[in-house]
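Thank you all for coming.

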Amino acid sequence: MTFTPLGGGREIGANSYIFSLNGKKILIDAGRHPVKEGYDSLPELDMIDDIDVIIISHSHYDHISSLPYISTIWPKAPVLMAQENKGLALRILQNSVEVMKKKNEEDGEQPVLYNHGEVNELKRRIFAMEYFQRYTIDDTIEVALYPAGHVMGAASIYLEYNGHRILYSGDFSLSQQLTIPPAQPPLKVDTLISEGTYGSKENQLIARFSEIERLSKSIKRILENKGRVLLPVFALGRGQETIYMLMGLMERGKIPTVPIYTNGMVASISNLYMNNYERISDKDRKWFMQNFLKMVTVAPKNIERLLFSSEPAVFVFSAGMLAEETLSYIFAREMLQSERDGIFFMGYQSPESDGYRVLQAHKDGKKQITLGEETINMRCENIDIFNFSGHADYQELLEFPRRLEPEKLIYVHGDEAALENLAEELQYEFQIEIPANLQTVEL
Ligand SMILES: [Zn+2]
């Protein structure tokens with residue numbers, strides 16, 4: 001029994017891991033690197049000669065975005081994922097095709113790694129699983145999915161072979177979010193493979209309600225001063241949580257009622273939330289749906305008027321870290337030049353991202369920043385980051401293995417320093433490994 005990262009070892013990268021159990025090769029997650037482009041963004045597939053089964057934890061880009069590429073090479077491998085994740089996965093992958101095609105048309109260099117047809121092919125290969133239900137692979141390996149919190153459809157992946165119980169946490173959260181209940185992992189395992197995004201000590205989750213309070217005060221101040229607010233979000237997860245929160249704040253009079261604009265991708269995923277998400281109450285779902293129709297407008301294709309409008313409004317746009325040429329990026333570039341507007345990041349910013357660079361430039365009191373090829377004057381003083389992560393915070397990352405009491409603890413999916421910090425903290429309690437990519441661990 002072995003475990004090897006193909007991406008996401010000692011990094012947040014193209015998360016993808018391979019298990020070898022009883023001669024079977026089981027691939028867990030098939031992401032792409034959040035910052036790298038083209039073939040460089042794929043996991044390290046060269047050493048893989050065969051894949052028998054693919055299991056996907058959730059539909060974030062860094063966990064799913066190379067799935068059609070990999071599945072086209074190994075078409076016989078069934079793709080397992082949670083029932084609630086299936087619609088999301090297909091929607092998000094179709095969108096990835098559009099993004100790659102657009103980039104390819106623009107510079108003629110970016111490869112289109114897969115096409116709509118290859119995403120459609122997945123429909124036949126995806127086997128949708130119910131949470132908590134046990135399934136078997138080849139009569140020898142048991143597999144089950146447990147709710148991981150984090151975002152809709154997210155699962156921790158459980159494998160059992162020859163009495164050895166393994167859990168891959170995936171991205172998880174132990175605390176209640178506005179629309180997402182906490183993770184419900186199994187009671188005990190022998191090997192735990194845990195994410196470690198927030199493994200640095202300073203990442204203590206600030207109580208959600210006090211963060212909402214702080215954000216609402218900032219939004220109120222900008223809107224009352226006739227400014228506009230940009231909240232960059234991930235289309236899946238943070239987008240729905242943010243819209244849910246804004247609608248509640250407006251309904252309770254905590255912030256002025258102004259138009260909320262979002263982009264097509266956030267809206268279409270919100271729609272899937274409302275129709276397929278079984279883990280929020282009917283009452284909440286109905287409230288979300290009715291208010292969404294009343295209060296949220298999808299930004300028009302021609303954005304010029306909205307971009308240069310001076311009407312107070314809140315923009316909930318992806319991408320969350322200002323990936324180039326996304327709506328959040330285009331609006332940030334404009335709003336950075338306005339004293340009245342505000343840009344509030346909603347969670348983790350990777351050090352290589354433009355979101356991180358904007359925050360850093362603001363902190364350093366810089367008056368100019370270069371985004372893409374353009375250098376712009378930063379007149380905007382209202383730039384801040386709020387911690388609304390759907391990830392386990394530092395305390396939860398320590399609590400998780402203490403609850404599940406594994407013999408062996410493997411950390412992946414985090415900066416090297418963060419993972420080493422966790423390992424140091426728990427070194428007397430568990431046998432810990434932090435494999436790099438292509439480094440195999442015996443289980
Ligand atoms: Zn995620």
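Predicted model: local features only at pLDDT ≥ 70, side-chain atom pairs only at ≥ 80, totals over all residues.

L230 stands opposite I343 in β16, and in β15 the bridge partner of L230 is F315. Helices and strands here are DSSP runs, helices being H or I with at least four residues and strands being E with at least two, numbered from the N terminus. Residues are numbered from 1 along each chain as its sequence is written, and side-chain values use heavy atoms, with hydrogens and water left out.

To return to the strands, β12, residues 229–232, is joined to β15, residues 314–317, by four bridges, and to β16 by two bridges; both pairings are parallel. Two strands are said to pair if DSSP finds at least two bridges between them. Both faces of β12 are covered, with V229 and L231 buried on one side and L230 and P232 buried on the other; buried means under 20% relative accessible area, exposed over 50%, and partly exposed in between, with a 1.4 Å probe and protein chains only. In a regular strand, the side chains alternate between the two faces of the sheet.

After the helix comes G365, whose phi is positive, near 70°.

Which residues does M378 contact, leaving aside its neighbours within four places in sequence? Among them are V358 and A361, together with L336, K367 and I383. M378 lies in the loop between β18 and β19 and is buried, with a relative accessible area of 6%. Its C-alpha is 5.0 Å from that of K367, although the two are 11 residues apart in sequence.

Let me turn now to the metal site. The zinc ion is coordinated by H58 (NE2), H60 (ND1), H150 (NE2) and D171 (OD), at 2.2 to 2.3 Å. Donors are N, O and S atoms within 2.8 Å of the metal, or 3.2 Å for Na, K and Ca, and since water is not among the atoms, sites may look incomplete. Why is the arrangement irregular? The four donor atoms subtend angles of 92 to 163° around the zinc ion, which makes it so; four donors count as tetrahedral if all angles lie between 85 and 135 degrees, four count as square planar and six as octahedral if opposite donors are over 155 degrees apart and all others between 65 and 115, and anything else is irregular. H60 is buried at 14% relative accessible area, and H150 is buried at 3%.

Finally, β8 and β9 belong to an open sheet of seven strands, in the order β7-β8-β9-β10-β11-β20-β21, with mixed pairing. Its edge strands are β7 and β21, each of which pairs on one side only.

Notes
Contact = heavy atoms within 4.5 Å.
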